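Q: Please take one part of this model and look at it closely. Which residue would you start from, and what surrounds it?

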Amino acid sequence: MEFIRKLKKHTKVSFLNYGIVIAFYFAVQIMAVTGHLSNSLKGQLIPIVSYVIVALALNLVVGISGELSLGHAGFMSVGAFSGVVVSMSVADSIPNPGLRLVIAILVGAALAGVAGVVIGIPVLRLNGDYLAIVTLAFGEIIKNVMNCLYVGVDGKGIHVSFKDTASLGMAADGKILINGPMGATGITKLSTFMAGTILLVIVLVIIQNLVNSRTGLAIMAIRDNRIAAEASGVPVTKHKLIAFVTSAAIAGAAGALYALNYSTIAPKKFDFNTSILILVFVVLGGIGNMTGTIIAAALLTMLPELLRKFADYRMLIYAIVLILVMIATNNEKIRSFIRGIGKSAKKEDGANE
Amino acid sequence: MLANLINGISLGSVYAIIALGYTMVYGIAKMLNFAHGDVIMVGGYISFCSITYLGWPPALAVLASVAVCTVLGIVIEGLAYKPLRNATSLAVLITAIGVSYFLQNAALLIWTSNTKVFPNIFANLPAIQMGGTQVAPVTVITVLANIVIMVALTLFTSRTKMGKAMRAVSEDKGAATLMGINVNRTISMTFAIGSGLAAIAGVLLCTAYPTLMPTTGAMPGIKAFTAAVFGGIGSIPGAMLGGVLLGVIEIFGKAYVSTQLSDAIVFAVLIIVLLVKPTGLLGHQVREKV
């Protein structure tokens with residue numbers, strides 16, 4: 001116990017987060033063995049893990065770097081479709097599904113990271129709500145471009161077109177991988193819950209070490225006071241870009257994991273509403289708080305399923321819960337009321353002693 | 001070419017009317033009201049129901065939807081946004097998203113997901129010949145409505161007591177309170193006007209594009225928000241200019257480049273404008289003080 005007490009506060013929080021993820025993994029495994037795991041929950045495990053990862057990535061931008069991004073689904077989309085293309089085009093040369101999944105996730109992360117650089121350099125010059133609207137615009141552009149994207153593979157390699165499947169000019173043995181608005185079809189499912197959990201732990205290691213490093217401190221200094229940080233010699237654009245690109249790459253990895261869990265995936269899955277959904281996870285979990293983000297993303301992904309007995313009313317209830325939670329956690333009167341209850345309870349404890 | 005231009009201006013006028021609501025609310029409450037697009041949808045449904053089910057004349061139906069949306073705007077503001085007056089802008093943004101989900105799903109329960117076909121309320125007006133192209137009456141009326149609303153709003157904010165109060169609150173809330181302005185009532189009033197305009201926009205939008213679904217308002221809402229930023233958020237002429245330009249760019253993109261990529265073109269133009277002029281076309285440059 002003495003050993004735990006000596007640890008730094010952020011190290012404790014980091015280990016708490018690893019603990020939560022690993023505990024969740026084993027809890028699910030135990031439920032599966034004892035037969036308590038319902039089919040609907042089983043089908044949601046990989047989406048839950050993917051959304052937790054994207055939410056962590058967005059928290060790096062919104063919470064740590066202090067920039068509002070409304071287009072993170074776009075990075076997921078880039079990662080998802082590049083991951084699908086890679087995993088399907090190397091299917092013959094690499095028979096091992098685990099290795100293929102790793103390659104797909106890495107390529108997805110790399111391409112989403114490139115998209116992050118391309119978008120980040122112009123976007124990060126802007127501030128506040130203007131930055132938010134430009135990320136929204138980029139998210140919509142990515143969705144639109146993906147809607148017009150046709151990719152096929154044959155003996156000669158990968159063909160890409162923005163017009164239709166006929167203009168791909170493929171050989172007779174060719175296979176269409178991405179079919180415009182229909183998206184990718186006939187995907188071999190590669191994602192497993194275990195692979196997702198491992199990816200989640202790796203992402204946690206990356207994010208938590210980045211946040212607690214010198215670079216992370218510089219990023220937070222810029223968030224708290226850009227002018228003061230700049231005057232102290234912190235390169236602003238460089239650090240903002242580090243946070244943004246890391247976040248984009250992680251979102252891409254999560255996108256690849258998510259897409260390889262389904263047999264078909266369409267570009268409209270990653271639209272503005274998905275970006276907003278991820279933002280809701282981050283804000284409800286607590287901006288800048290990784291533990292909160294993990295719990296909020298997991299619970300809120302499951303919530304529509306848990307509310308199933310309300311049938312048609314479940315999304316309505318979801319909306320009301322969202323509004324009430326925001327008001328309860330942000331209204332000064334209610335907060336001081338809750339704080340008051342806590343204080344009086346403590347006082348009573350003191351009186352009893 | 002001329003036909004495309006007219007269509008573009010007409011679509012842009014609808015965006016402009018919606019963008020006015022966005023821009024006024026942003027100017028005064030400094031919040032992005034993402035539920036605004038869904039108020040448009042409610043406006044569309046109310047006038048659809050009063051025309052189709054109750055058999056009311058179109059003019060009365062429009063008035064009814066304006067009345068319902070105005071009340072809806074005040075209720076939303078009072079229940080969801082007022083408790084968060086001093087909260088962070090992100091908290092208010094998420095609440096607005098919650099309201100948007102609520103309106104969409106309530107509409108889904110009341111009117112189901114089946115597409116409703118909106119009646120052509122200007123069917124007995126003749127089409128107008130202009131330079132060899134036929135212009136539908138709804139196009140002309142949309143453009144006229146936009147101009148009337150624009151002039152009325154400008155007069156309202158510059159001449160009336162309430163309008164001046166609105167401008168004062170948007171400049172400096174604290175100072176406005178000290179001058180005896182009721183800030184809460186002013187903000188409610190802004191929401192009322194914005195939502196009433198959204199109802200008019202809803203009727204015009206549904207007449208021009210006669211399909212009505214619970215998600216009808218979402219995309220025009222985002223586009224109008226883009227238009228408001230494009231013209232400089234917080235500025236009334238900016239919203240008008242941004243809306244019309246956006247509509248024209250969208251229609252020309254559809255006609256000459258690609259139907260599927262027209263939205264991408266609209267957003268790309270927005271990004272370029274914001275990179276060159278970060279506060280939008282007519283926005284005020286606010287100096288950053290150390």
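A: Phe193(A) is buried, with a relative accessible area of 10%. Buried means under 20% relative accessible area, exposed means over 50%, and partly exposed lies in between (1.4 Å probe, protein chains only). Phe24(A) is partly exposed, at 29% relative accessible area.

A word on the source comes next. This is a predicted model, in which local features need pLDDT of at least 70, side-chain atom pairs count only at pLDDT 80 or more, and totals for chains, interfaces and linings use all residues. Residues are numbered from 1 along each chain as its sequence is written, chains are lettered from A and ligands numbered from 1 in the order in which they are written, and side-chain values use heavy atoms, without hydrogens and water.

Back to the rings. A pair of aromatic rings is described by the distance of the centres and the angle of the planes. Rings of Phe, Tyr and Trp (its six-membered ring) pair if their centres lie within 6.5 Å; planes under 30 degrees apart are stacked, over 60 edge-to-face, and the rest tilted. By this rule, there are 19 aromatic pairs over all chains. One of them joins Phe24(A) and Phe193(A): the ring centres are 6.1 Å apart and the planes stand at 85 degrees, so the pair is edge-to-face. Phe24(A) sits in helix 2 (residues 9–34) of chain A, and Phe193(A) in helix 7 (residues 193–212) of chain A. The pair therefore ties together parts that are 169 residues apart in sequence.

Next, take Tyr258(A) and Phe270(A). Their rings also make an edge-to-face pair, with 6.1 Å from centre to centre and 65 degrees between the planes. Tyr258(A) belongs to helix 10 (residues 236–259) of chain A, while Phe270(A) lies in the loop between helix 10 and helix 11 (272–285) of chain A, so this pair links parts twelve residues apart in sequence. Both Tyr258(A) and Phe270(A) are buried. They belong to a cluster linked by ring pairs, together with Tyr51(A), Phe81(A), Tyr262(A) and Phe281(A).

Now the chain around these rings. Chain A has 14 helices and three strands. Helices (H or I, at least four residues) and strands (E, at least two) are DSSP runs, numbered from the N terminus. Of the 353 residues of chain A, 52% count as buried. The C-alpha atoms fill a box of roughly 85 × 60 × 45 Å along the principal axes. A compact globule of 353 residues would have a radius of gyration near 20 Å; chain A has 22 Å, which agrees. That radius is taken over C-alpha atoms, and the globule rule is 2.2 Å times the number of residues to the power 0.38. In chain A, 72% of the contacts between residues at least 6 apart in sequence join residues at least 24 apart. Contact means heavy atoms within 4.5 Å.

Val62(A) leads across to the other chain. This residue lies in helix 3 (residues 39–64) of chain A. Val62(A) counts as buried at 5% relative accessibility. Not counting residues up to four places away in sequence, Val62(A) touches Glu67(A), Leu68(A), Ser69(A), Leu279(A), Val282(A), Ile287(A) and Leu90(B). Its C-alpha atom is 14 Å from that of Ala221(A), 159 residues apart along the chain.

Chain B has eleven helices and four strands. Of its 290 residues, 56% count as buried. Its C-alpha box is roughly 55 × 45 × 35 Å along the principal axes. A compact globule with 290 residues would have a radius of gyration near 19 Å, and chain B has 19 Å, which agrees. Residues 24 or more positions apart make up 74% of the chain B contacts with a separation of 6 or more.

Thr186(B) lies in helix 8 (residues 183–208) of chain B. Thr186(B) is buried, at 2% relative accessible area. Beyond its neighbours within four places in sequence, Thr186(B) is in contact with Met162(B), Ala165(B), Met166(B), Val169(B) and Ile181(B). Ser262(B) is in helix 11 (residues 262–276) of chain B. Ser262(B) counts as buried at 2% relative accessibility. Leaving aside neighbours within four places in sequence, Ser262(B) is in contact with Glu250(B), Gly253(B) and Lys254(B).
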